Amino acid sequence: MVKLDTLSLKEALGLALENAPLKREREIVTLDRALGRILAQEVKVRKNLPSFDNSAMDGFAFRYGDGGKRLRIAATIFAGDRPEAILEEGECYRIMTGAQVPADADTIVPIEKCSDVTDEAVTIPEGIKRGSNLRKRGEELDVGTTLLEAGTVLEPSHIALLSSQGLMAAEVTAPLRIAVLSSGDEIREPWEEAEEDEIYNANAFGIIALLQRYGFAAEYHGRIPDDRESTVAMLGELKRYDVIFTSGGISTGEADFLYEAFLANGLEPLFHGVNVKPGRPTMMGRMGRSFVMAMPGNPLATMLNILVLAIPVLFRMQGARSVRHRRFSAAMGEVLKLRGGRSEMVLGRMREGRFFPTRGNRYGSGMLTPLAESDVLAIFGEEVRELPEGTSIEVIPLWDAVEFRNDSQEG
Ligand SMILES: Nc1nc2c(c(=O)[nH]1)N[C@H]1C(S)=C(S)[C@@H](COP(=O)(O)OP(=O)(O)OC[C@H]3O[C@@H](n4cnc5c(N)ncnc54)[C@H](O)[C@@H]3O)O[C@H]1N2
Ligand code: MOO
């Protein structure tokens, strides 16, 4: 019989992040397909932003020293014009937003701040600061500097930045190939007929959807057979996948031979057993070039451990430069007592900055409904036994649980 490890959640996550193999293959995608993909190489600035001095306002461009004077309008400059510098003494330009500012003007005042505006002349107010409303060439981005680093997870802002550089495609890491399998004699697929003593497969499609939520595509590979030999054979066929998810059959029970079947296929386990509730039997390791993540059968345990342990690892494998759980501070909305001795994941809902444990934290890891009633997750350490109302804690939003940063801290 297998004896489970008692790694802390933090140690388990650390081990997995360190040891999960990186996806090396790359591909080029057009920017309309690049959202959520991960840059495979640094992109440098190739066009200054802005690329010419221009006006931030519809108004008048003048020499700073002429503030407070009445000036003749020498020319009107529109966006797209290529104006010459033609100012004589006592003159200014009428200028539109985004239009080039000639070198002989250095300050811009919006039209609504001026007085006595006619077609020929304008009175500029006093006290306008030198350089006001002038967007200088290169002030935002300078040619040759780094625009985006390798490992950036492309957000809408990044797509806009790449487009601003005249780029229409990006080199990103190829998507991870992910297989999902389930195990258990009692499991029937949703399209099969389940007797009273059989249960429908909730995990496989829950897992696939959870992965999709975070931008990963997975294929359902079916049920693991009930006997040892065919299981060994089936796992042996999975080596073309980068990641293999299973749910169930990984605990210490008589019928839980999944672990041995992985070992028979060359699995090098990183850990089997995490000191967390729920999720105790979770196992991860490398099998050839594949990374195996065997999750517990209990549906809630599977979903929460994928969120907490698997999603950050997938981002790392996919090439993300840094990934961590997104955490918000909150206050306990009511007292919470815990058993202690094991980290505990507690589902809850937020109301006005306060955290309310779902059903007073009285539910089992075999259930699914608590997840549907919750929007955040709090994780408490092994030493925590009581959290009085008002205690400040951190919560992870369930459906937006990761963030990407430059610093290398994970959590
Ligand atoms: N002696 C011990 N027994 C158990 C321990 C332990 O440490 N010592 N851990 C318990 C914990 S915690 C969990 S979690 C379960 C996990 O066991 P397995 O990963 O081997 O999972 P199964 O026994 O196969 O299934 C558990 C439970 O989940 C249901 N299940 C499985 N797959 C699905 C699916 N695809 N869709 C819906 N439901 C599924 C299954 O019917 C069982 O009810 O072990 C405890 N026991
Ligand atoms: O820890 Mo088990 O994973 O309670 O459900």
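D53 is partly exposed because its relative accessible area is 23%, where buried means under 20%, exposed over 50% and partly exposed in between (1.4 Å probe, protein chains only). The model is predicted, so local features need pLDDT of at least 70 and side-chain atom pairs pLDDT 80 or more, while totals for chains, interfaces and linings use all residues. Residues are numbered from 1 along each chain as its sequence is written, chains are lettered from A and ligands numbered from 1 in the order in which they are written, and side-chain values use heavy atoms, with hydrogens and water left out.

Side chains of opposite charge can pair when their charged atoms come close. D53 forms a salt bridge with K136, with 3.4 Å between the closest N and O atoms; a salt bridge here is a side-chain nitrogen of Lys or Arg within 4 Å of a carboxyl oxygen of Asp or Glu. This pair links distant parts of the chain, 83 residues apart: D53 is in the loop between β2 (43–44) and β3 (54–55), and K136 is in the loop between β9 (134–135) and β10 (146–148). Helices (H or I, at least four residues) and strands (E, at least two) are DSSP runs, numbered from the N terminus. K136 is also partly exposed, at 41% relative accessible area.

R326 takes part in two pairs. Its side chain meets that of D400 in a salt bridge, 3.5 Å from N to O. Here R326 lies in the loop between β21 (324–325) and β22 (328–332), and D400 in the loop between β28 (392–397) and β29 (402–403), 74 residues apart. The side chains of R326 and E403 also meet in a salt bridge, at 3.6 Å from N to O. E403 belongs to strand β29 and R326 to the loop between β21 and β22, so this pair ties together parts that are 77 residues apart in sequence. R326 is partly exposed at 22% relative accessible area, and D400 is partly exposed at 40%. E403 is buried, with a value of 13%.

The whole structure has 23 salt bridges. A network of salt bridges links K23, E25, R177, D242 and R289.

Some charged residues form a patch instead. E193, E195, E196 and D197 make up a negative surface patch. Patches are made of residues with over 30% relative accessible area and no salt bridge, with like charges joined within 9 Å and nonpolar side chains (Val, Leu, Ile, Met, Phe, Trp, Tyr) within 5 Å. E196 sits in the loop between β13 (187–188) and β14 (199–200), and it is exposed because its relative accessibility is 83%.

The backbone also has points to look at. A cis peptide bond, with omega about -10°, joins L49 and P50, and P50 is in the loop between β2 and β3. Another cis peptide bond, also with omega about -10°, joins K277 and P278; P278 is in the loop between β18 (276–277) and β19 (283–287). E352 is a residue other than glycine with a positive phi, near 50°. The place of E352 is the loop between β24 (343–351) and β25 (354–357), and E352 is exposed at 81% relative accessible area.

Finally, an unreviewed UniProt entry lists residues 299–317 as "transmembrane region"; such annotations may be inferred rather than shown by experiment, feature names are shortened, and positions are given in the numbering used here. In the model, this span is 100% helix and 0% strand, and its end C-alpha atoms lie 25 Å apart.

How values were computed:
Areas by Shrake-Rupley, 256 points an atom, 1.4 Å probe, with all protein chains shown as cover. Lys, Arg positive; Asp, Glu negative; His and termini not counted. Charge placed at Lys NZ, Arg CZ, Asp CG, Glu CD.
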